[in-house]
Amino acid sequence: MTEVSPIIDVRNLSMKFDRVKGFRRSVIGQVVAVDDVSFTVNEGETLALVGESGSGKTTTGRCLVRAIEPSAGNVFYRQGDSSVDVLALERRELNEVRRKMRMVFQDPFASLNPRMTVEQLIAEPLYINNVVSDRTEARAKVAELLEMVQLDPQLMSRYPHTFSGGQRQRIAIARTLSLEPQVVIADEPVSALDVSIQAQILNLLKELQRERQLTYLFISHDLAVVRYQSDRIAIMYLGRIVEISTRDEIFERPLHPYTQLLLASSPIPDPRMKRIRPETIGEVPDPANRPSGCAFNTRCPYATDICRSEVPQLKESGTAGEAHLVACHLWEAVELSQRPLEALDGS
Amino acid sequence: MMDDLPLLEVVDLSVTFSSREGEVFAVDKVSFSLFPNEVLGVVGESGSGKSVTSLSILRVLPASSRIANGSIFFRDEGRTIELANVDSESEPVRSVRGRRISMIFQEPMSAFSPLHTIGNQIGEAIALHNLPPGLSRSQRKLEVRKQTIDLLASVGMPTPEQLIDSYPHELSGGMRQRALIAMGLACHPSILIADEPTTALDVTLQSQVIALLSRLRSEQEMSIIFITHNLGVIAEIADRVLVMYLGREMETASVDDLFHNPKHPYTRALIRSMPTIAGTLDTLIPIEGTVPSPNNLPTGCRFQTRCPERVDGLCNVHEPVSIEIEPGHRVACFLSGSPVPQGGTND
């Protein structure tokens, strides 16, 4: 990872939602879904955003294409030598950027309009963006896209309900890639699929990335999936990034106690690696009632006074060859005490 | 464990659903046993019949379906009760359902009524099944409340005296799941059927629920049928595992054999296709194709259309029956020794 200039550079992104009450929807407070988040995505790599519900991972992804308008921050998107701040763009320019940065959603049952045929679904963005001008051209392009996702082009006149979940996700991917984007934001793209289908879609995403030099922002709650898909990983907790580094660093040398907890909680499909599971480690607090200081302090076994009063900033841990940033006051002390997976591999 | 008589024996169970295309087998000649104080994992993808199997044990199948064949024997308090061939509202079924065999579901929000307090809903089962005779009205009320508080405490609720009077929406996801488990345990059942109890939960919560169920199983000497599609969770909690595919039993084995000596090509393929957080990072090998529709089952073995080890002229002609290849290890596959029928009949 030498001197790659980032294609996406997110700086101090925040998203606050109003909490409203009653019929008149009067504002009674705010939920900070994303709080001062900064990260970069390099061209051609996969960066995973990992977190549990309420971590703000989905909101972050959506803010990048302004599917929801963030409250503050910058999202620089580089095209060639120049870069633009997506959050400052006018409508027309924004649409240009949105052709280049596109989303794949979790649930292929909800993301495809049931009243449109596969042809219409995939051709829609092509017409809107004047990539094709007539139906013959559109059909040729749709056939090509269906072949790319390994579906039979003859099925293009069918409706989504005649397809299985995995096939629908392929259709959604074909639609996403129809405008030849550079960046794909994939929000839990396999969570709704059967186990035997997940690997198909994960491999397809990888293949497409190689063929088309795509850059992925891969949003997921599943560390096992992320381990296979990503080059770098950012761990989020209650709206903030708590740790970010390369995949190997995160798995072999997790520094943040929350990352360690996530790793220790993820089930391993091998009964010989069974671990003792604590029965009470609490759960993610309500994002509307975020603990002061480090948001993880209510569940952290190491928390001290400073953790309850001061928000830790994301800092370079400075010990690895790779960049490894962690937001914890105590990581140096914590690091030595726990290496959840290393202990297991010895068994 | 094998020396004991099984608590539950399901023999050749078939369940059909009536649909426009006629009768469809959701479960087809499935047999298994559950031993005292054992966790049996039932794994399968959608359409495998894993949930329908458990609904038939409690005789709470939807109206469009019926038990077409088979028996379910339940040994309890020195007698054996047959549950499959009696009316679903008959006395033997009612004496067992909810009292000796109870069930918890995936979505705690929909399993509880929003209109009643947690305490009232859990207390209902206690009042119905679990009170000593001869109490006055007010004594009954006190006794129910006392038992409910004890239950909530046993599932790790921090302040049961207060939580007993809260409504489901006031609880966090984790507390709701614990309350649901408490409801399932209200009458100290000898069998708890847990249908995807951790699927909707965040991973740190899933880990706690696994720990909780493992503890309750040993404390209360109860057996658990744990239904899930997640092999990681199975490896953590199950003693033995039944693998189902399209309504048929594919393989039954101890959890160690299933992961370290899997015999059925489907089991092997599932394990190869699953991402994991530990061990080597091999490429995932997906299972090709999609799960066929139950309306249009493949000829021969149900899995042959996707099986990498298929033998043409055998697997696509005859359906293998399950045989015991080692004590406690059953497989339905010609390659593992299922008898090949002579004469070429297609059944």
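**Reading salt bridges, burial and a chain interface**

User: Are A:Glu249 and A:Arg253 buried or exposed?

Analyst: Both A:Glu249 and A:Arg253 are buried, where buried means under 20% relative accessible area, exposed means over 50%, and partly exposed lies in between, with a 1.4 Å probe and protein chains only. This is a predicted model, in which local features need pLDDT of at least 70 and side-chain atom pairs count only at pLDDT 80 or more, while totals for chains, interfaces and linings use all residues, and side-chain values rest on heavy atoms, with hydrogens and water left out. Residues are numbered from 1 along each chain as its sequence is written, and chains are lettered from A and ligands numbered from 1 in the order in which they are written.

User: What do the side chains of A:Glu249 and A:Arg253 form?

Analyst: They meet in a salt bridge, 3.4 Å from N to O, the term standing for a side-chain nitrogen of Lys or Arg within 4 Å of a carboxyl oxygen of Asp or Glu. Over all chains, a search of the whole structure finds 34 salt bridges.

User: How many residues apart in helix 8 of chain B are B:Glu219 and B:Arg215?

Analyst: Helices (H or I, at least four residues) and strands (E, at least two) are DSSP runs numbered from the N terminus. B:Glu219 and B:Arg215 form a salt bridge whose closest N and O atoms are 3.0 Å apart, and because they lie 4 residues apart in helix 8 (residues 203-220) of chain B, about one helical turn separates them. B:Arg215, at 24% relative accessibility, counts as partly exposed.

User: Which parts of chain B does the pair B:Arg217 and B:Asp239 link?

Analyst: The closest N and O atoms of the salt bridge between B:Arg217 and B:Asp239 are 2.9 Å apart. This pair links distant parts of the chain, 22 residues apart, with B:Arg217 in helix 8 and B:Asp239 in the loop between helix 9 (231-237) and strand 9 (240-245) of chain B. B:Arg217 has 16% relative accessibility and so counts as buried, whereas B:Asp239, at 21%, counts as partly exposed. Elsewhere in chain B, a network of salt bridges links B:Asp28, B:Arg248, B:Arg302 and B:Glu319.

User: How many residues of chain A are in contact with chain B, and how much area do the two chains bury?

Analyst: The size of an interface is often given as the accessible area lost when the parts come together. Here 44 residues of chain A are in contact (heavy atoms within 4.5 Å) with 48 residues of chain B. The two chains bury about 4200 Å² between them, 57% of it on carbon and sulfur atoms; this area is the loss of accessible area (1.4 Å probe) when two parts are put together, summed over both.

User: How many salt bridges does the rule find across the interface of chain A and chain B, and which helices of chain A supply residues?

Analyst: The rule finds 1 salt bridge across that interface, and A:Arg272 forms a salt bridge with B:Asp256, with the closest N and O atoms 2.8 Å apart. On the side of chain A that touches chain B, helix 6 (195-212), helix 7 (223-229), helix 8 (247-252) and helix 9 (257-265) of chain A each supply at least two residues, and helix 6 gives the most, with 7 residues.

User: How many helices and strands does chain A have?

Analyst: The secondary structure of chain A comes to 12 helices and 12 strands, and 55% of its 347 residues count as buried. The C-alpha atoms of chain A fill a box of roughly 65 × 50 × 50 Å along the principal axes.
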